[in-house]
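Hello,

Here is the structure I promised to pass on to you. My notes on it follow below.

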Amino acid sequence: VQFVEFGGGLVQPGGFPRLSCSGNGNVINPYTIDWVLQGPGKEREVVATITRGGTTDYADSVKGRFTISRDNNEKKVYLQMNNLKPEDTAVYSCGIRDTIYWGQGTQVTVSS
């Protein structure tokens with residue numbers, strides 16, 4: 001099982017990148033998928049979760065700014081990030097909680 005994330009990079013404050021998460025085989029559709037961040041000096045934090053049925057949950061720090069969604073036809077999960085702040089700078093990874101199945105992550109750096 002392997003997850004791959006795309007969409008990171010250098011973003012200005014207030015920016016709105018969209019991250020995508022895909023996996024080999026059918027590893028997206030049957031599962032609840034998390035997006036987590038690992039920032040400098042921070043512990044790993046779950047920022048958004050989407051269940052197989054599409055129910056979502058968010059960390060308070062991103063609620064109202066980030067939106068997680070899934071496209072089961074494309075077998076992808078997305079994280080739309082809006083109104084980014086410098087403190088959102090982190091490596092963002094997708095995967096299945098409480099397993100070893102996580103991607104390497106994509107770096108998002110928020111800076112002017």
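What is the handedness of the disulfide of Cys21 and Cys94? The torsion about its S-S bond is about 80 degrees, so this disulfide is right-handed.

Before the rest, a word on the source. This is a predicted model, so please bear in mind that local features need pLDDT of at least 70, that side-chain atom pairs count only at pLDDT 80 or more, and that totals for chains, interfaces and linings use all residues. Residues are numbered from 1 along each chain as its sequence is written, and side-chain values use heavy atoms, with hydrogens and water left out.

**The disulfide**

Taking a disulfide as a pair of cysteine sulfur atoms within 2.5 Å, the count comes to one. Cys21 and Cys94 are joined with an S to S distance of 2.1 Å. Cys21 sits in strand β3 and Cys94 in strand β9, so the pair ties together parts that are 73 residues apart in sequence. Strands here are DSSP runs of E, at least two residues long, numbered from the N terminus. Both cysteines are buried, where buried means under 20% relative accessible area, exposed means over 50%, and partly exposed is in between (1.4 Å probe, protein chains only).

**The two sheets**

I count two strands as paired if DSSP finds at least two bridges between them. An open sheet of six strands has the order β2-β10-β9-β4-β5-β6, with mixed pairing. At its edges stand β2 (9–11) and β6 (56–58), each with a single partner strand, so one side of each is left without a neighbour in the sheet. Neighbouring strands of this sheet are turned by 25 degrees against each other on average, direction ignored; the axes are lines fitted to C-alpha atoms, and angles run from 0 to 180 degrees between N-to-C directions. Within this sheet, β5 and β6 pair in the antiparallel sense over three bridges, and Ala48 has Tyr58 in β6 as its bridge partner.

An open sheet of four strands runs in the order β1-β3-β8-β7, and its pairing is antiparallel. Its edge strands are β1 (3–6) and β7, each pairing on one side only.

Six bridges join the antiparallel strands β7 and β8. Across this pairing, Arg70 has Val77 in β8 as its bridge partner, while Ile68 stands opposite Leu79 in β8. In a regular strand the side chains alternate between the two faces of the sheet. For β7, the covered face holds Phe66, Ile68 and Arg70, and the uncovered one holds Thr67, Ser69 and Asp71.

**Two positive phi values**

Most residues other than glycine have a negative phi. Which residue takes a positive phi in the hairpin of β7 and β8? There, with four residues between the strands, Lys75 takes a phi near 55 degrees. Lys75 counts as partly exposed, at 36% relative accessibility. Asp98 also has a positive phi, near 65 degrees, and is not a glycine. Asp98 lies in the loop between β9 and β10 and is exposed, with a relative accessible area of 77%.

**The core**

The largest nonpolar core has 27 residues, of which Trp35, Leu79 and Tyr92 touch the most other members. By nonpolar core I mean a set of buried Ala, Val, Leu, Ile, Met, Phe, Trp, Tyr and Cys residues joined through side-chain atoms within 4.5 Å. Among the elements that give two or more residues to this core are β3 (18–23), β4 (33–38), β8 (76–81) and β9 (90–95).

**Two buried polar residues**

Thr49 is found in strand β5 and is buried, with a relative accessible area of 10%. Its side chain makes a polar contact with the side chain of Asp34 at 2.7 Å (a pair of N or O atoms within 3.5 Å, where within protein one must be able to donate a hydrogen and the other to accept it, and residues adjacent in sequence count only if both atoms are side-chain atoms). Not counting residues up to four places away in sequence, Thr49 touches residues including Thr55, Ile68 and Arg97; contact means heavy atoms within 4.5 Å.

Ser20 lies in strand β3 and counts as buried at 15% relative accessibility. With the neighbours up to four places away in sequence again left out, Ser20 touches Val4, Glu5, Phe6, Trp35, Val77 and Tyr78.

Best wishes
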